[in-house]
Amino acid sequence: MRFAVIQFGGSNCDRDVQYVLSDVCGVDVDLVWYKERLLRPYDAVVLPGGFSYGDYLRAGAIAARTPVMDDVARHAAGGALVLGICNGAQILAETGLVPGVFTVNAYPKFICRWVHLRVENAASPFTSEFQKGDVIRIPIAHAEGRYVAPADTVGSLNTNDRIAFRFCDDGGGITGEANPNGAAENITGVLSRTGNVLAMMPHPERASEAVLGSTDGKKIFDSMIHHIEQKA
Amino acid sequence: MKFDVTITISLKEGMLDPEANAIKNAITNLGYPTESLRTARLFRIRLDANDREAAKAMAQKMCERLLANPVIHRYEIEVAG
């Protein structure tokens, strides 16, 4: 089993993800500079957080148009798992691998804090270690994380169980107060139609060890690992 | 032929524009009562094309493929030259 973590100029969570995958979860990981492309097949590809291309134009817009994203799309089409975290989620939305866009927070400042998420779909390759309805704690750190999509798209995400996570309060309530960035229907984790691509704004790699205050994020990586093991 | 193309990209009507709201508040605080304020982004591009139509078509492709995000943006293209 081998994961790739793609590094763009401006990525800054790449080594955190690599550390969690290799040292905490115990799987093989390659850090791949985007210009090197994906030269071998990977079981999973992670697009880490950061500020690729300085967030010029729109967060993720320029990274989404780099040739390595053709490799990522090919992996996704072939059934590999693709996880976009924060800036990685913005990149996946900009490529169209998930619908909608993550744009400027309703209150336009950078928000860095712990939030609660409700697990809406516990059957995906990224969430099988959870139970549907679980309330988990993972931090966010973004200025452009407000999920926006046309109403019919949001409706279709609901109907087809493609929402992985929503912002919630500590009791699991989906309220306006628990929505830090004004995201449509509190959505902050979106699955592709085939379910093997997840774009999420919260940072699971920052919630993967008890010393950091939560291990809920590790369950996302563990879910991916179990999914790959079962497929093998 | 060289053409000067101006592309203006703005949020679709009804889209929340948080930056515009913050700017509007600041302008109001400076003593200029402001009823509404929207922002837009303008690109000035000089390009080579066979004719004006081709220049416009190229600019449209630029908007579709990079400059605008169709989920939230509308755009206008003007061609001079």
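**Figure 1. Overall view of chain A.** Of the 232 residues in chain A, 56% are buried. Here a residue is buried if 20 or more other C-beta atoms lie within 10 Å of its own, exposed if 12 or fewer, and partly exposed in between, with C-beta atoms placed from the backbone. The model is predicted: local features need pLDDT of at least 70, side-chain atom pairs count only at pLDDT 80 or more, and totals for chains, interfaces and linings use all residues. Residues are numbered from 1 along each chain as its sequence is written, while chains are lettered from A and ligands numbered from 1 in the order in which they are written. Chain A holds five helices and 11 strands. These elements are DSSP runs, numbered from the N terminus: helices are H or I with at least four residues, strands are E with at least two. The C-alpha trace of chain A spans about 45 × 35 × 35 Å along its principal axes. Of the contacts in chain A between residues at least 6 apart in sequence, 76% join residues at least 24 apart. Two residues are in contact if their C-beta atoms, placed from the backbone, lie within 7 Å.

Figure 2. Strand 2 covers residues 28–33 and includes A:V29. A:V29 has 21 other C-beta atoms within 10 Å, so this residue is buried. Leaving out residues up to four places away in sequence, A:V29 touches A:F3, A:V5, A:Q18, A:L21 and A:S22. One of these contacts, A:V5, is 24 residues from A:V29 in sequence. Their C-alpha atoms are 7.1 Å apart.

Figure 3. Most residues other than glycine have a negative phi. A:Y53 is not a glycine, yet its phi is positive, about 50°. A:Y53 sits in the loop between strand 3 (44–47) and helix 2 (68–77). A:Y53 counts as buried because 20 C-beta neighbours lie inside 10 Å. A:D55 is not a glycine either, and has a positive phi of about 60°. The loop between strand 3 and helix 2 of chain A also holds A:D55. A:D55 has 18 C-beta neighbours inside 10 Å, so it counts as partly exposed.

**Figure 4. Helix 2 of chain A and its buried face.** The buried residues of this helix are A:V68, A:M69, A:D71, A:V72, A:H75 and A:A76. Seen down the axis of helix 2 of chain A, they fall within an arc of 150°, so they line one face of the helix. The arc is that of the directions from the helix axis to the C-beta atoms. An α-helix has 3.6 residues a turn, so residues three or four places apart point the same way. The buried residues of helix 2 pack against strand 1 (2–7), strand 3, strand 4 (81–85), helix 3 (87–95) and strand 11 (197–200) of chain A. Exposed A:R74 and A:A77 are on the face turned away from the buried side. Just after helix 2, A:G79 takes a positive phi of about 100°.

**Figure 5. Overall view of chain B.** Chain B has two helices and three strands. Their order from the N terminus is β-α-β-α-β. The radius of gyration of chain B is 16 Å, whereas a compact globule of 81 residues would have one near 12 Å. Along the principal axes, the C-alpha atoms of chain B fill a box of roughly 50 × 25 × 15 Å. Buried residues account for 14% of the 81 in chain B. Among chain B contacts between residues at least 6 apart in sequence, 69% join residues at least 24 apart. The average pLDDT of chain B is 96, and 100% of its residues score at least 70. pLDDT is the predictor's confidence in each residue, from 0 to 100.

Figure 6. Helix 1 of chain B (residues 18–29) has 12 residues. From first C-alpha to last, helix 1 reaches 17 Å, close to the 16 Å expected at 1.5 Å a residue. The expected span is 1.5 Å times one less than the number of residues. B:G31 follows helix 1 and has a positive phi, near 100°. Eight residues of chain B are in contact with 14 residues of chain A. The predictor gives the complex an ipTM of 0.89 and a pTM of 0.96.

How values were computed:
Rg over C-alpha atoms; globule rule 2.2 N^0.38 Å.
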